[in-house]
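Open the model in your viewer and keep the sequence panel beside it. The stops below can be selected one after another.

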Amino acid sequence: MCVCVCVCVQSGPASLPAEDISTNSNGPKQDSLFDDDPEDLFAEATEEVSLDSPERDVLLSDGPSPAITPITPPCSLITPHIDMFTHCSFDEIEEEEGGDSFDMHISVSDPEKVGDGMNAYMAYKVSTKTSMSLFRSQDFSVKRRFSDFLGLHSKLASKYLHIGYIVPPAPEKSIVGMTKVKVGKEDQSSNEFVEKRRSALERYLMRTVKHPTLLKDPDVLQFLESSELPRAVSTQALSSAGILRMVNKAAEAVNKMTIKMNESDAWFEEKQQHFDNLDLQLRKLHASVESLVCHRRELSVNTALFAKSAAMLGNSEDHTALSRALSQLAEVEEKIDQLHQDQANADFYCFSELLGDYVRLITAVKGVFDHRMKTWQKWQDGQILLQKKREAEAKLQFNNKPEKLQQAKDEMRELEGKVQQGERDFELISKTIRKEVSRFEKERVKDFKTIIIKYLESLVQTQQKQKVKNIIIIIFSISY
Amino acid sequence: MMQEGLDDGPDFLSEEDRGPRAVNVDLQTDATLQVDISDALSERDKVKFTVHTKSTLPNFKQNEFSVVRQHEEFIWLHDSFVENEEYAGYIIPPAPPRPDFDASREKLQKLGEGEGSMTKEEFTKMKQELEAEYLAIFKKTVAMHEVFLCRVAAHPVLRKDLNFHVFLEYNQDLSVRGKNKKEKLEDFFKNVVKSADGVLVAGVKDVDDFFEHEKTFLLEYHNRVKDASAKSDRMIRSHKNAADDINRIASSLYTLGTQDSTDLCKFFLKVSELFEKTRKIESRVAADEDLKLADLLKYYLRESQAAKDLLYRRSRALVDYENANKALDKARAKNRDVLQAETSQQLCCHKFEKISESAKQELIDFKTRRVAAFRKNLVELAELELKHAKGNLQLLQSCLVVLKGNT
């Protein structure tokens, strides 16, 4: 099975003008991708890479993985063929990726506390079941801790975010929650915290591997497969790396405000607006849903309290067998009611978690759009610099200084190359984003539909049980 | 008809369960005297009840007539019963609580002030909710006042009370002013003395098993009803909070639905519609619980207190009787004021026996009424919840069918 590359390349004349990416072009069919083409720089890349191949071993060597690995083509390799991208229609690209059907299931389970005191941590078992030949075996598991997940995310983010891939964000840190666990409080809230985190980690991994490019990333494969993972220390919140990250984020935010991009592509403008709206509405919805989950919990607690109280009341009503019977019945039924409320609440809680995930995902999407802006900025800066150099060169020519002229000419040539590169980078990231957004939207639609239907189905069950309960009360009381 | 821009006059009378009448009490109403509240008007700071009477008794000038009364006049009637020594041996029907629209009015006012800061749909929706809340409180207060009158009308002795007849018939203002500060202070002290006395008197063990048993029972029952009432209030409040949240979620989903350009937009709109409908049902459920359960408990809290008061009066009479006996013995021993002591002792004895006799019957009636009321309300509540659950279920299932069909 071939390791498919995400960007497809065609051989053909190199002088076709760059067209609007969104046209459905009728370029030569994709079969040509695998023809032996001497100009095709990806010939190596499309060979089957066995898992024991030397290339892979290089990647798996210790130390931080190189920012750009040979399998995913670094931008510079694409240079001669970039213009060809415009001839690929998106449908064809999707088909290409869909060639290998996605059959993979990851579960995060068995949280185990390792160590003691403030150095303690939770280890989770990450089990993978798959039939894809990308992996060494079909069923395997490893032990990972939370910072490993964060490390994975930070590696993926540094590799892919700036070229336009929507990298799923990792679950959030929680100093309060973790401290409770470390200190060893075995109560319901810390159990809930661990469960919440376990579930979030599972969703995170599934989202990551569902992304066709990320799935093949060696860091991801290493994370899932290898039994020992170098500790990711730079993920600690209060480490120097953490603080540096925060400073960088702030600087970026300031920069973003100063970039004024001439958006020539209406698609991007529309999508930006769409995501801004979505962000706002999802946050609002998330807040309401969280509030409902909280109130439902309260209701369940209060119902239980009331049931006890009603039972006591019935007990003191010793004058009539009926009243006592009714109150006992009421107590039992209320308890059942409470169980059902808890169940419905749990499903609604899934909805709440999904919304939280999407709020964070959309932040990642907006980040990707920002990277595009930055890429554009870089390209524009390059052009401005080139212009300046041209003017300087003209001046030199005028002043007749041959040595300096040659140097200037060299610099200019280099700059021209950079500017062209900048333009290609911009086009590439724009194209990637379009694809990513379309994929993202598909996933979003699917996720929401599934969760809502699941929740409604559980509601139906609860209602049916409530019906039964009420019928029982009526029958009982009438029979007296 | 309610003023202040709320338009829901005859609606509360046309309720399916003919609501207010005898909600918490199972009463035998006979044709000789039927009392109900046929109408009510809510003004700035008071409620005017139209008390409607139908009677075949010769005491009244007409067979059917109505008067307008306010809350203070009900309280006056109740207090006149309590202060009447003749009625010491009866459970005095508890006074209806004061109509309290303050919280609701405040909310309406806040809504009016914040009108500019929310969308038109949100505003209309919230206004509708607050109006519904106002209406619910209104219905409740009418019901409580009506129950009080019905209890009096059903009581074989109290129904003959002159003050009661004046209350029903006199078609002008009774000029009953609310208690001024001095009187309120007097009342407060009276209550303090009474509870202290009550503790002393309660310590006296009763010769009669029936009453001894009743004493212990009532004490325990009263406390448990208080607890259950408080807990049911909390439960219902949580229910209302949850319903409010569902309302907000429905709005958010609606906005998302209108903004979304993917397949999800129809989905969101349908789910938003569903949540709107289920929220209405949930609100109804909370309101029914409130009426049938919480009000029931609150009422029996007050009635059990009235029953306790009866027992207190009896114990007080018993203590007086015993004291009179002691005084008589002392007088006989000293051979001074014997006649006086004898008369006083006889009075006390007579009073005590009269109270005991009627108290026994009252307490037995109380139990019968209570059991019947609880049974009736629980069954009605279960029936209503069943109906709502069916409705909810149907909505959910039909929505699911549509949603699954779309995917």
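Is strand 2 (residues 121-130) of chain A largely enclosed by the rest of the structure or left open, and why? Select the strand and colour its residues by burial: 7 of the 10 are buried, so the rest of the structure largely encloses strand 2 of chain A. Bear in mind throughout that this is a predicted model.

**Stop 1: the neighbours of strand 2 in chain A**

Strands 1 and 2 of chain A pair in the antiparallel sense, over 9 bridges.

Now select strand 3 (residues 139-145) of chain A. Strand 3 of chain A runs antiparallel to strand 2 of chain A, and 7 bridges join the two.

**Stop 2: A:His153**

Continue to helix 4 (residues 146-160) of chain A and select A:His153, which is found in this helix. Which residues does A:His153 touch, not counting those up to four places away in sequence? Show A:Val167, A:Pro168, A:Pro169, A:Ala170 and A:Tyr204; these are its contacts. For a distance, draw a line from the C-alpha of A:His153 to that of A:Pro171: the two residues are 18 apart in sequence and 9.7 Å apart in space.

**Stop 3: where chain A meets chain B**

Display both chains. The contact takes 53 residues from chain A and 61 residues from chain B. The size of an interface is often given as the accessible area lost when the parts come together. Between chain A and chain B, the buried area is about 5,300 Å², and carbon and sulfur atoms give 70% of that.

How many salt bridges are counted between chain A and chain B? The count is 1. Select B:Lys404 and A:Glu457 to see their side chains meet in a salt bridge, at 2.4 Å from N to O. The rule also finds 9 residue pairs in polar contact across the interface of chain A and chain B.

Next, select helix 10 (266-316), helix 11 (321-399) and helix 12 (402-479) of chain A, the elements that each give two or more residues to the side touching chain B. Helix 10 of chain A gives the most, with 23 residues. Colouring that side of chain A by residue class gives 25 nonpolar, 17 polar and 11 charged residues.

**Stop 4: chain B and its helix 4**

Chain B has 8 helices and 3 strands, in the order β-β-β-α-α-α-α-α-α-α-α from the N terminus on. Of its 407 residues, 48% count as buried.

Finish at helix 4 (residues 162-169) of chain B. Its buried residues are B:Phe164, B:His165, B:Phe167, B:Leu168 and B:Glu169. To see what they pack against, show strand 1 (33-42), strand 2 (47-55), strand 3 (64-70), helix 1 (71-83) and helix 3 (120-154) of chain B. At the start of helix 4 of chain B, zoom in on B:Asp161: one of its side-chain oxygens reaches to within 2.9 Å of the backbone nitrogen of B:Asn163.

Notes: Residues are numbered from 1 along each chain as its sequence is written. Chains are lettered from A and ligands numbered from 1 in the order in which they are written. This is a predicted model: local features need pLDDT of at least 70, side-chain atom pairs count only at pLDDT 80 or more; totals for chains, interfaces and linings use all residues. Side-chain values use heavy atoms; hydrogens and water are left out. Buried means under 20% relative accessible area, exposed over 50%, partly exposed in between (1.4 Å probe, protein chains only). Helices (H or I, at least four residues) and strands (E, at least two) are DSSP runs, numbered from the N terminus. Two strands pair if DSSP finds at least two bridges between them. Contact means heavy atoms within 4.5 Å. Buried area is the accessible area (1.4 Å probe) that two parts lose on being put together, summed over both. A salt bridge is a side-chain nitrogen of Lys or Arg within 4 Å of a carboxyl oxygen of Asp or Glu. A polar contact is a pair of N or O atoms within 3.5 Å; within protein, one must be able to donate a hydrogen and the other to accept it, and residues adjacent in sequence count only if both atoms are side-chain atoms. Ala, Val, Leu, Ile, Met, Phe, Trp, Tyr, Cys and Pro count as nonpolar, Asp, Glu, Lys and Arg as charged, and the others, Gly among them, as polar.
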